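Thanks for coming, everyone. I have one model to walk through today. Please bring it up on the screen.

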Amino acid sequence: GQPLGPRRLSLKPVPKLPNMEAFLSEALMKLCFQAVKAATEHPFPEGVRKERELFNILLTSGQAQALQYAFFAERAAQKWTTPSGASWKSAAPQPIRKVAVIGLGTMGRGIVTSLVKANIPVVALEQSLEYLNTGRKAVMLLLEREAMKMEQGTQTLDFHNPAHLQFTVDFDALRDVDVVIEAVFENMALKKEIFHKLSRICKPGAFLCTNTSALNIDEIASATSRPQQVIGTHFFSPAHVMRLLEIIYGHHTSATTIATAVQLAKALKKVGVVVGNCFGFVGNRMMFPYVQQAVFLVEEGSRPEAVDQVLEDFGFKIGPFRMSDLAGLDVGWRSRKGQGLTGASLPPGTPARQRQGHRYSPLPDLLCENGRFGQKTGKGWYQYEKAGGRTAKPDPWLHNFLAQYRDTHHIQTRFIDQEEILERCLFPLINEGFDILAEGIASGPEHLD
């Protein structure tokens with residue numbers, strides 16, 4: 001029995017709300033606050049005008065420009081070229097019907113999960129039944145988590161079908177795969193042994209990929225009879241979450257091989273960035289000086305949580321120390337031992353804080369010697385609720401350890417402000433980027449970004 005008069009909300013008077021103060025003080029934390037405030041005080045047309053004004057401020061802000069740049073850079077990164085003239089324009093990928101993953105450690109598990117999610121049949125290979133069973137359990141756990149996430153959408157994930165996912169210790173199961181991704185730990189002799197075996201067993205057209213974060217692609221390829229089909233596919237940890245895939249071509253890698261790796265990245269919903277071969281490639285090569293400065297800052301008087309806070313406030317998703325704990329401190333330790341920077345191969349009498357005439361911090365090595373590998377052991381630069389824990393808490397043991405370390409090496413603790421932390425971490429990162437561009441390792445600044 002009510003009249004059907006005009007129902008337009010914009011024509012109604014602005015209501016007076018009793019709890020407005022409490023509501024506004026909460027909204028104050030958010031940038032849309034001023035628009036909300038205008039809506040409570042002005043008629044509709046004025047509120048809309050105010051909103052347009054506020055939107056224009058956002059539209060022309062530094063953040064908006066940076067986000068627009070990131071959006072287009074991600075697309076530009078798909079367009080790859082190499083110094084030899086190979087490029088995305090002329091190279092055609094081969095179809096990928098079945099992929100094998102070798103090694104079910106942290107990286108291998110994530111890679112298997114990514115492939116299953118992309119609906120690509122996978123053969124997962126380990127060296128022994130014991131490792132295979134551990135790996136299988138871990139992979140199933142990851143897939144169950146992913147399946148739960150996907151069920152909230154509309155997709156389902158079928159990973160119990162052996163045609164989609166097969167676990168084995170038998171290399172012969174790799175005879176018919178189109179792509180092999182090797183994900184064993186960073187040891188050149190081991191990788192070369194595996195690639196030598198693969199080049200005998202895999203079908204002639206199969207592509208051989210190595211998930212390495214720093215080892216020389218050409219040296220790995222030299223162990224095969226098909227170096228043109230060898231390429232680096234450097235996944236970032238955790239591999240089923242991180243969207244970046246660094247694709248590294250070697251001296252002999254063919255354009256078809258590069259195109260197929262880029263196509264694989266696309267199928268996995270990852271951003272494939274094609275770069276050249278040098279120590280650490282692009283991602284880790286830029287990371288080295290950045291993390292190194294972060295460690296120097298801690299040596300001189302800062303704390304891991306202070307450094308992380310400054311970089312996270314600046315806009316990084318995760319600071320250098322939380323990132324190291326997540327990735328595992330043992331990875332870098334193994335690499336440094338391989339380079340002779342620490343461990344048994346270090347010549348006696350080497351100064352503790354110097355290598356090859358440059359400043360060096362043994363702090364990460366000392367943490368590893370204490371069994372602190374990060375999240376996986378529940379202790380690293382931070383402490384965690386348990387081994388495999390995710391929540392980083394400042395660790396009094398570490399603060400005490402740093403104090404003793406500074407005493408031992410006669411380092412005068414000083415207060416380090418936010419500006420210094422930011423500049424000393426970011427400038428080496430940027431400088432390294434320019435060096436990489438100058439050497440032609442990356443074909444454009446968007447690839448680095």
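One term before we start: contact means heavy atoms within 4.5 Å. With that in hand, take Asp330. Leaving aside its neighbours within four places in sequence, Asp330 is in contact with Cys368, Phe373 and Lys376.

Now the ground rules. This is a predicted model, where local features need pLDDT of at least 70, side-chain atom pairs count only at pLDDT 80 or more, and totals for chains, interfaces and linings use all residues. Residues are numbered from 1 along each chain as its sequence is written, and side-chain values use heavy atoms, with hydrogens and water left out.

Back to Asp330. Its place is in helix α13, residues 329–338. Helices here are DSSP runs of H or I with at least four residues, strands are runs of E with at least two, and both are numbered from the N terminus. Buried or exposed? Asp330 counts as buried, at 11% relative accessibility. The cut-offs: buried is under 20% relative accessible area, exposed is over 50%, and partly exposed is in between, with a 1.4 Å probe and protein chains only. Asp330 also pairs up in space with Asp365. The two are 35 residues apart in sequence, and their C-alpha atoms are 8.6 Å apart.

Next, the overall picture. The protein has 17 helices and 10 strands. Its C-alpha trace spans about 85 × 60 × 45 Å along the principal axes. There are 449 residues, and 44% of them are buried. Take the contacts with a separation of 6 or more: 67% of those come from residues 24 or more positions apart.

One annotation. UniProt, in an unreviewed entry, places "domain: 3-hydroxyacyl-CoA dehydrogenase C-terminal" at residues 280–384. UniProt positions are given in the numbering used here, feature names are shortened, and annotations may be inferred rather than shown by experiment. Over residues 280–384 the chain is 51% helix and 4% strand. The end C-alpha atoms of that stretch are 29 Å apart.

Now a helix pair. Two packed helices are described by the angle between their axes and the distance between the axes. Helix α11 is residues 304–314, and helix α12 is residues 320–327. They pack at an angle of about 105°, with their axes 7 Å apart. That makes α11 roughly perpendicular to α12. On the terms: axes are lines fitted to C-alpha atoms, for helices over the stretch in contact, and angles run from 0 to 180 degrees between N-to-C directions. Under 35 degrees counts as roughly parallel, over 145 as roughly antiparallel, 65 to 115 as roughly perpendicular, and the rest as oblique.

Which residues meet there? From α11, Pro304, Val307, Asp308, Leu311 and Glu312; from α12, Pro320, Phe321 and Arg322. By type, this contact has five nonpolar residues, no polar ones and three charged. Nonpolar covers Ala, Val, Leu, Ile, Met, Phe, Trp, Tyr, Cys and Pro; charged covers Asp, Glu, Lys and Arg; the others, Gly among them, are polar.

On to the cysteines. How many disulfides does the structure hold? The test is a pair of cysteine sulfur atoms within 2.5 Å. The closest cysteine sulfur to that of Cys209 is in Cys202, 11 Å away, too far for a bond. Cys209 is buried, at 4% relative accessibility. Cys278 is in no disulfide either, with the sulfur of Cys209 as its nearest, 19 Å away. Cys278 also counts as buried, at 16%.

Now the backbone. Most residues other than glycine have a negative phi, and most peptide bonds are trans. Look at Ser237 and Pro238: a cis peptide bond joins them, with omega about -10°. Pro238 is in the loop between β6 (230–235) and β7 (244–249).

Two non-glycine residues have positive phi. Phe281 has a phi of about 55°. Phe281 lies in the loop between β8 (271–275) and α10 (283–300), and is buried at 0% relative accessible area. His410 has a phi of about 50°. His410 sits in the loop between α15 (396–408) and α16, and counts as exposed, at 74%.

Last, two distances. Gln292 lies in helix α10 and is partly exposed, at 35%. Its C-alpha is 8.3 Å from that of Cys425, 133 residues apart along the chain. Asp435 lies in helix α16, residues 418–438, and is partly exposed at 39%. Asp435 and Ala138 are 297 residues apart in sequence, and 40 Å apart C-alpha to C-alpha.
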